[in-house]
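Here is a short report on one protein model.

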Amino acid sequence: MACLGLYCGKTLLFKNDSTEIYGECGVCPRGQRTNAQKYCQPCTESPELYDWLYLGFMAMLPLVLHWFFIEWYSGKKSSSALFQHITALFECSMAAIITLLVSDPVGVLSIRSCRVLMLSDWYTMLYNPSPDYITTVHCTHEAVYPLYTIVFIYYAFCLVLMMLLRPLLVKKIACGLGKSDRFKSIYAALYFFPILTVLQAVGGGLLYYAFPYIILVLSLVTLAVYMSASEIENCYDLLVRKKRLIVLFSHWLLHAYGIISISRVDKLEQDLPLLALVPTPALFYLFTAKFTEPSRILSEGANGH
């Protein structure tokens with residue numbers, strides 16, 4: 001009997017030198033997906049560079065949010081912010097390492113995966129066939145193994161490590177903050193981790209294809225907002241504080257990450273020159289900031305120019 005449905009397949013039950021016996025058409029086991037002949041095949045390929053970049057993007061989201069809320073709630077005079085930033089980086093790094101170690105193959109800092117072929121691979125639950133229009137054959141499985149579930153595992157380890165490490169650190173070193181403000185960055189994480197989980201569950205496939213453009217747009221917008229809020233109008237304003245340089249270089253790294261993700265580095269010699277565009281937004285802002293200063297525009301308007 002032929003297999004119906006885009007993601008239904010026959011699982012191998014027995015195999016020897018001369019015989020292969022397959023079961024009935026149905027859902028493939030975890031770590032397998034259907035091939036063109038509707039047989040379930042194990043995922044044995046290594047992730048492509050684009051897959052690693054996607055996982056890196058999903059891993060960066062909680063780290064960036066941690067840093068944002070730590071900076072937001074720590075206050076300008078708090079000496080604890082740096083230690084909390086380092087702790088957040090340690091938590092996310094350890095969570096990523098542990099996630100890779102517990103993934104197949106276990107104990108190795110690598111994973112085996114199935115190739116992503118189309119957007120529908122992320123939403124196999126929408127393609128369960130109904131041969132007689134009454135009975136539904138449930139063939140929902142992770143066709144993009146393990147790109148979908150590994151993100152949930154990573155977020156779970158991030159949350160566990162944060163709850164184990166951060167409260168002790170904040171209690172010891174956050175002396176410059178009031179008791180009600182010390183743990184606000186942790187409370188914020190308890191909100192954004194469920195949001196990130198739902199985002200991955202519902203929009204994982206869309207994020208997979210859109211994340212390079214999301215990185216570029218958000219990094220450009222946040223850089224412009226930061227430079228405007230900090231009243232940076234020339235290179236001297238940028239160099240006068242180390243924190244501003246750190247923010248600038250961080251955004252440049254995000255610009256480069258987005259450019260590499262879009263190009264996928266299929267042809268390295270052609271794509272590397274695109275990285276020369278990384279400083280362009282900041283330079284454009286510095287060169288044009290003096291022409292868009294509100295006080296100058298108001299004075300010229302008052303003079304009738």
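Leu126 sits in the loop between α2 (81-102) and α3 (149-173). Leu126 counts as exposed because its relative accessibility is 62%.

The model is predicted: local features need pLDDT of at least 70, side-chain atom pairs count only at pLDDT 80 or more, and totals for chains, interfaces and linings use all residues. Residues are numbered from 1 along each chain as its sequence is written, and side-chain values use heavy atoms, without hydrogens and water.

**Overall build**

The protein has nine helices and four strands. From the N terminus, the order is β-β-β-β-α-α-α-α-α-α-α-α-α. Helices (H or I, at least four residues) and strands (E, at least two) are DSSP runs, numbered from the N terminus. Of the 305 residues, 37% are buried.

**Two helices**

Helix α1 (residues 49-74) has a kink of about 25° at Met60, shortly before Pro62. That bend is the angle between axes fitted to the seven residues ending there and the seven starting there. In α6, the buried residues include Arg244, His251, His255 and Tyr257. Just after α6, Arg264 takes a positive phi of about 65°.

**Salt bridges**

Side chains of opposite charge can pair when their charged atoms come close. The whole structure holds seven salt bridges (a side-chain nitrogen of Lys or Arg within 4 Å of a carboxyl oxygen of Asp or Glu).

| Pair | N to O distance |
|---|---|
| Glu142 and Arg30 | 2.8 Å |
| Lys243 and Glu71 | 2.6 Å |
| Arg166 and Glu91 | 2.8 Å |

Arg166 lies in helix α3 and Glu91 in helix α2, so this pair ties together parts 75 residues apart in sequence. Arg166 is buried, at 0% relative accessibility. Glu91 is buried too, at 1%. Glu142 is buried at 13%, whereas Arg30 is exposed at 55%. Lys243 is partly exposed at 37%, and Glu71 is partly exposed at 34%. Elsewhere, Glu45, Glu48 and Arg115 are linked in a network of salt bridges.

Conventions: Buried means under 20% relative accessible area, exposed over 50%, partly exposed in between (1.4 Å probe, protein chains only).
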